[in-house]
Amino acid sequence: MRELQKRYQRGRVPFTACQADPRFSYCLYVPDRHLNQVWQEAPLVVVVHGSSRTAEGFRDAFIEFAEAQGCVVLAPLFPRGAVAGDQPDGYKLQSLCGYRYDQILLSMVAEVAGQFRTERDFYLYGFSGGAQFAHRFAYFHPGRLKGVAIHAPGQVSLPGSLDSALDLAALKQVSIQMVIGGEDTDPVAAIEEHPPGGSRKDLLLRLHQSWRRLGIAAELEEMPGVAHDGFALMPACQAFFAHLLRRFD
């Protein structure tokens, strides 16, 4: 039994129920490099899925990166229907009046830090629906982020549009990357915050401009020939995080 437990505490760690709320779970990748130096806290990278809930696939796409950088990768799963009466998009943090998915992630981070000796401040990556989560999480908890990569969100919240006070000084300290595919030009559904006919490219540009006006520095990159494909955009995030990890090392 002890050997079986040891087996599942390294490499691809399978989905584990969040102790704060077992309706949610997360999977991990724990690199050999960290297991050989467990006295040192490992950097933590959180990768948040889009609406298709490809949490495990995103985790696996970061395995080579995790081994090279010596970081632990946490991929939360926010399943449809976990919260009675909530919408499928509830995890995207459009309002703090709903279920506190941001607090669930922080609970997961605390659990992983306690069990695997990881840092409690982390790097956050989100694609599509995960990018909605990521940029809103940055509004609510900028002090917990070492870096955030926001890739191709289908909706954006501009500063001041959410029911939360913005700590602008703290957000200015976060390293921020925004990435969009050059072919990600299909119109997205109209909501209050953007006009009909806007594409994800239009939305990300608008978010980038609004942040720059407030003095929030953010890299903006367009990847030519790429449509709405998180796996195709992911190398840009990994290069960005690798640079930050060298800087904080």
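R53 sits in the loop that joins β3 (44-48) to α3 (55-61), where helices (H or I, at least four residues) and strands (E, at least two) are DSSP runs numbered from the N terminus. Its phi is near 60°, a positive value in a residue other than glycine. The model is a predicted one: local features need pLDDT of at least 70, side-chain atom pairs count only at pLDDT 80 or more, and totals for chains, interfaces and linings use all residues. Residues are numbered from 1 along each chain as its sequence is written, and side-chain values use heavy atoms, with hydrogens and water left out.

**Loop residues**

- At 16% relative accessibility, R53 counts as buried; buried means under 20% relative accessible area, exposed over 50%, and partly exposed in between (1.4 Å probe, protein chains only).
- R80 lies in the loop between β4 (72-77) and α5, and at 59% relative accessibility R80 counts as exposed.
- Not counting residues up to four places away in sequence, R80 touches R53 and P88; contact means heavy atoms within 4.5 Å.
- R80 and S52 are 28 residues apart along the chain, and their C-alpha atoms are separated by 9.8 Å.
- S128 belongs to the loop between β5 (122-127) and α6; this residue other than glycine also has a positive phi, near 60°.
- With 11% relative accessibility, S128 counts as buried.
- G182 is in the loop between β7 and α8 and is buried, with a relative accessible area of 9%.
- Leaving out residues up to four places away in sequence, G182 touches K201, E222, M223 and V226.
- Between the C-alpha atoms of G182 and A134 the separation is 21 Å, for two residues 48 apart along the chain.

**Helix α5**

- The 16 residues of α5 should span 22 Å at 1.5 Å a residue, and the end C-alpha atoms of α5 are 22 Å apart, which agrees; the expected span of a helix is 1.5 Å times one less than its number of residues.
- Buried residues of α5 include Y101, D102, I104, L105, L106 and M108, and V109, E111, V112, A113 and F116 are also among them.
- R117 follows α5 and has a positive phi, near 55°.

**Packing of α5 with α6**

- Helix α5 (residues 101-116) and helix α6 (residues 129-140) pack at an angle of about 85°, with axes 11 Å apart; axes are lines fitted to C-alpha atoms, for helices over the stretch in contact, and angles run from 0 to 180 degrees between N-to-C directions.
- α5 and α6 are therefore roughly perpendicular to each other, given that angles under 35 degrees count as roughly parallel, over 145 as roughly antiparallel, 65 to 115 as roughly perpendicular and the rest as oblique.
- On the α5 side the contact involves Y101, D102, L105 and L106, which meet F133, F137 and F140 in α6.
- The residues of this contact of α5 with α6 divide into six nonpolar, no polar and one charged; Ala, Val, Leu, Ile, Met, Phe, Trp, Tyr, Cys and Pro count as nonpolar, Asp, Glu, Lys and Arg as charged, and the others, Gly among them, as polar.

**Helix α6**

- α6 has twelve residues and reaches 17 Å from its first C-alpha to its last, close to the 16 Å expected at 1.5 Å a residue.
- Twelve of the twelve residues of α6 are buried, so α6 is largely enclosed by the rest of the structure.
- The buried residues of α6 pack against β3, α5, β5, β6, α7 (168-171) and α8.

**Helix α8**

- Helix α8 (residues 200-213) has 14 residues that should span 20 Å at 1.5 Å a residue; its end C-alpha atoms are 20 Å apart, which agrees.
- R200, L203, L204, L207, H208, S210 and W211 are buried in α8.
- Seen down the axis of α8, these buried residues fall within an arc of 165°, so they line one face of the helix; the arc is that of the directions from the helix axis to the C-beta atoms.
- An α-helix has 3.6 residues a turn, so residues three or four places apart point the same way.
- Exposed residues R212 and R213 are on the face of α8 turned away from its buried side.
- Packing partners of the buried residues of α8 are α6, β6 (145-151), β7 (175-181) and β8 (219-223).
- G215 follows α8, with a positive phi near 85°.

- R33 touches E67, A68, Q69 and G70, not counting residues up to four places away in sequence.
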